[in-house]
Amino acid sequence: MAKLDPLGRPRPEQAELDPSFYGFSEADLDRRFSTRTIRGASRLTLRQILSRMQNTYCRSIGVQFMHIDSLEVKNWLTDRMEGTENRVVLTKEEQIRILRRLTDAVLFEEFLRKKFLGAKSFSLEGSESLIPLLDLALTKATEQGVREVVIGMAHRGRLNVLRNILHKGPREIFREFDDPDPERFIGQGDVKYHKGFESEWVTAEGKTAHVSLCFNPSHLEFVNPVVLGRLRARQDLLGDRERERGLCVVIHGDAAFAGEGIVQETLNLSQLPGYEVGGTLHVVLNNQIGFTTSPEEARSTTYATDVAKMLQSPIFHVNGEDPEAVAQVVRLALDFRRTFRRDVVIDMYGYRRHGHNEGDEPAFTQPLLYRRIRERRTTRQGYLEHLMKLGEVTQAEADAIEVRIRDLFERELAAARSITYEAPEDRPQALSRGFFGGPEKFAEEVDTAVEAARLKALLARMAEVPEGFTPHRTLLRLLAGRREMAEGGRPLDWAAAEALAFVTLAAEGHRVRLSGQDCQRGTFSHRHSVLHDAETGARHYTLAGLVEGQAAVEIVNSPLSEAGVLGFEYGYSLEAPESLVLWEAQFGDFVNAAQVIVDQFVAGGEDKWKWFSGLVMLLPHGFEGMGPEHSSARLERMLSLAAEENLQIVNLTTPAQLFHCLRRQALRPWRKPLVVMSPKSLLRHPRVVSPLADLAGGSFARILPDAGGPRRAGRILLCSGKIAYDLEERRAKLARDDVAILRVEQLYPLPETVLEAALAPYDAGIPAVWVQEEPVNNGPWPHFGLRFGGSLIGRHRRNRCRSNSGFRKSASPSARSSSAAG
């Protein structure tokens with residue numbers, strides 16, 4: 001019954017909302033009834049009850065909250081709404097501020113359309129109330145003690161938000177429309193309506209908050225978990241354990257909110273201890289249309305926001321042409337979030353005045369809808385008339401506001417087109433903290449070794465459990481093995497080397513965060529970073545508190561989600577470059593479900609937006625008969641994304657290599673994502689061990705030489721990963737001393753000089769053959785062969801590289817049986 005649609009289209013009538021449905025007639029309207037459930041008087045007439053309910057829930061605001069289980073929460077909401085009949089009383093100053101913000105929004109869009117004919121801006125027109133909504137929300141949040149705000153949104157209205165909320169200079173925006181020096185952006189950058197920005201929000205009382213509008217690719221909604229991860233990192237670094245000093249604001253489109261699965265994944269993170277941020281403010285810009293698709297064709301639900309009913313949170317629907325109703329729901333939403341630390345949704349109904357973009361003709365597919373839209377005045381005009389009727393503002397005052405804004409835009413446009421214009425420095429935030437991207441040649445190697453005595457002490461501490469704690473009997477062997485490693489009685493396995501990398505970094509002040517499905521134990525039952533008491537279920541965190549003052553080591557079991565969790569960890573890594581941030585796929589192929597995050601953010605983030613990420617992706621990979629999917633992490637796909645040294649891609653074969661690689665990732669100031677093809681069967685392979693001395697000395701090697709040392713070889717086998725052990729076993733069985741086996745541990749970036757140095761001990765002209773377990777169209781060969789297959793460089797230019805995988809091309813990565821895979 002609420003009047004939500006600014007276009008006033010009829011809605012289906014609900015019989016149960018008519019008093020006659022319950023047998024009431026006109027004669028009953030003045031009968032008095034108990035109103036114990038309504039704030040205020042104890043008895044009211046039916047007429048008064050209906051009036052109060054209609055005013056509260058059937059004007060410009062409609063609310064869904066009866067799906068919430070908690071009676072306390074429902075009572076809180078009904079008291080707040082019915083006590084005021086869902087209306088806020090604004091001062092004259094507040095009303096004038098709303099008028100100014102609407103004027104800012106409307107005139108900005110008009111100016112762009114007139115000065116840059118035919119240019120795409122993805123106008124906010126039809127939903128201009130977003131600007132006063134955000135203005136009110138940021139002011140309210142800052143008054144509540146919020147000091148960090150991260151905003152995520154797609155392209156619609158983004159330029160308007162950049163200008164009128166983030167206060168990006170108009171001349172910078174106008175200059176981007178003119179694009180007078182395109183050579184600056186050849187092969188890099190992004191379109192203007194994808195860019196981010198940062199600024200300080202200052203209230204009238206002088207309180208401030210840092211506000212960041214997150215960059216965004218074309219894939220709608222995938223920025224959502226990135227925004228959450230960025231804020232969580234800021235909260236952790238500030239020690240905000242109560243999640244009180246930060247706010248996420250995520251702005252959605254109605255079609256995308258209902259249609260994109262990443263929305264559900266992100267909502268599901270909201271109350272999980274490893275991912276919570278204290279509640280996100282979701283704002284749905286409800287255009288009541290997709291690109292050209294109507295709601296009836298786009299969703300099976302009544303409302304675009306129905307997926308949010310999975311949470312114990314209210315959904316406030318509001319007519320965007322009633323700015324004072326918008327003000328009411330903003331205050332209510334922010335108070336709810338602060339009180340209950342939960343997400344909250346504002347579904348603001350508006351429309352899209354133009355097509356999907358300014359060059360699109362929407363009347364092709366929605367002629368009746370756009371006939372109505374063309375007849376609509378702007379929200380500013382309607383609100384101005386409302387204020388003039390109340391005597392709160394005169395036409396002359398409104399005109400003066402408009403003149404000032406137009407004059408400002410004209411001056412800024414002239415400045416943008418001036419020959420003396422100087423573009424502001426596009427300086428990545430991480431540079432100010434000593435981190436950088438770009439080519440690896442500027443990144444000096446660091447010492448990753450740790451003295452043996454320290455490693456032994458840490459191993460011994462990891463093997464300890466609290467007094468009275470009863471581990472599972474099988475895990476007693478694991479703890480005994482750690483003690484034996486500490487005493488020098490056995491070499492280190494993969495899990496021990498990883499744990500030592502984590503705790504040594506934490507001891508040096510680097511926070512470590514690893515999340516993924518079942519990663520506390522490990523998919524292959526190898527990590528056991530959290531032990532569970534077999535008698536009481538109590539938990540013991542084996543990597544926490546080993547050294548006084550160590551940084552946190554946070555190992556988080558994630559929900560069964562890939563894109564949402566990987567996006568979260570990517571966002572976390574952006575704000576915490578000092579930390580080692582990792583995401584582990586349960587099996588390597590699970591990264592397929594997060595490919596948008598990999599493509600749009602991990603691989604291209606630095607090139608497009610100048611943001612540096614040191615995120616580590618652990619992707620179990622190896623052909624061991626577990627079927628087509630669980631065999632391959634699609635190494636070839638990662639390598640196909642590698643260019644301009646945007647990624648580091650490794651396929652490691654020893655625990656010491658893992659130790660040095662992870663420490664190098666955190667200790668070097670060069671921030672690039674690291675993709676690790678992590679092992680499965682090698683986790684317990686008797687030969688996949690390293691002496692403690694290899695961790696106490698040495699460093700990471702991009703190529704490991706032949707395990708038997710240089711030899712007079714008649715053939716050189718180049719390979720990467722698990723197959724190296726298979727080849728060495730086969731060579732030993734055949735007693736072939738004339739074959740050298742070199743392991744390429746870092747597939748990208750791999751300078752030619754590194755490969756040349758690895759081949760230097762061997763005579764020129766010896767055939768070099770690439771060997772892999774993957775089909776020839778998969779694995780490293782498509783990348784390695786393209787780069788080195790024609791001829792090797794330097795004195796080995798006659799050496800030929802070819803695939804000798806033993807597999808032909810295959811549409812599916814692996815055989816179904818372990819025998820065939822072997």
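The model is predicted, with local features requiring pLDDT of at least 70 and side-chain atom pairs pLDDT 80 or more, while totals for chains, interfaces and linings use all residues. Numbering starts from 1 along each chain as its sequence is written, and side-chain values use heavy atoms, leaving out hydrogens and water.

We may begin with an open sheet of 8 strands, ordered E3-E9-E10-E8-E7-E4-E6-E5 and mixed in its pairing. Strands here are DSSP runs (E, at least two residues), as are helices (H or I, at least four), both numbered from the N terminus, and two strands pair if DSSP finds at least two bridges between them. Strands E3 (61-64) and E5 (197-202) stand at the edges with a single partner strand each, so one side of each has no neighbour in the sheet. From one strand to the next, the twist averages 20°. Within this sheet, E7 (residues 246-253) and E8 (residues 280-286) pair in the parallel sense over 6 bridges, and Ile-251 stands opposite Val-283 in E8. Helix H7 (residues 224-238) lies across E4 (148-153), E5, E6 (208-213), E7 and E8, running at about 170° to E4. Contact means heavy atoms within 4.5 Å; angles, from 0 to 180 degrees, are taken between N-to-C directions of axes fitted to C-alpha atoms, for helices over the stretch in contact.

E20 pairs in the parallel sense with E21 (residues 739-744) over 5 bridges, and Cys-719 has Arg-743 in E21 as its bridge partner. The β-α-β crossover from E20 through helix H25 (residues 723-734) to E21 is right-handed, meaning a clockwise path from the first strand over the helix to the second when the strands point away from the viewer. E20 also pairs in the parallel sense with E23 (residues 768-770), over 3 bridges, where Leu-718 stands opposite Trp-770.

The loops hold some backbone details worth a look. Most residues other than glycine have a negative phi, and most peptide bonds are trans. Phe-122, however, has a positive phi of about 50°; this residue is in the loop between H3 (92-115) and H4 (130-143) and is buried at 5% relative accessibility. A cis peptide bond, with omega about -10°, joins Tyr-748 and Pro-749.

Conventions
Buried < 20%, exposed > 50% of the residue type's maximum accessible area, 1.4 Å probe, protein only.
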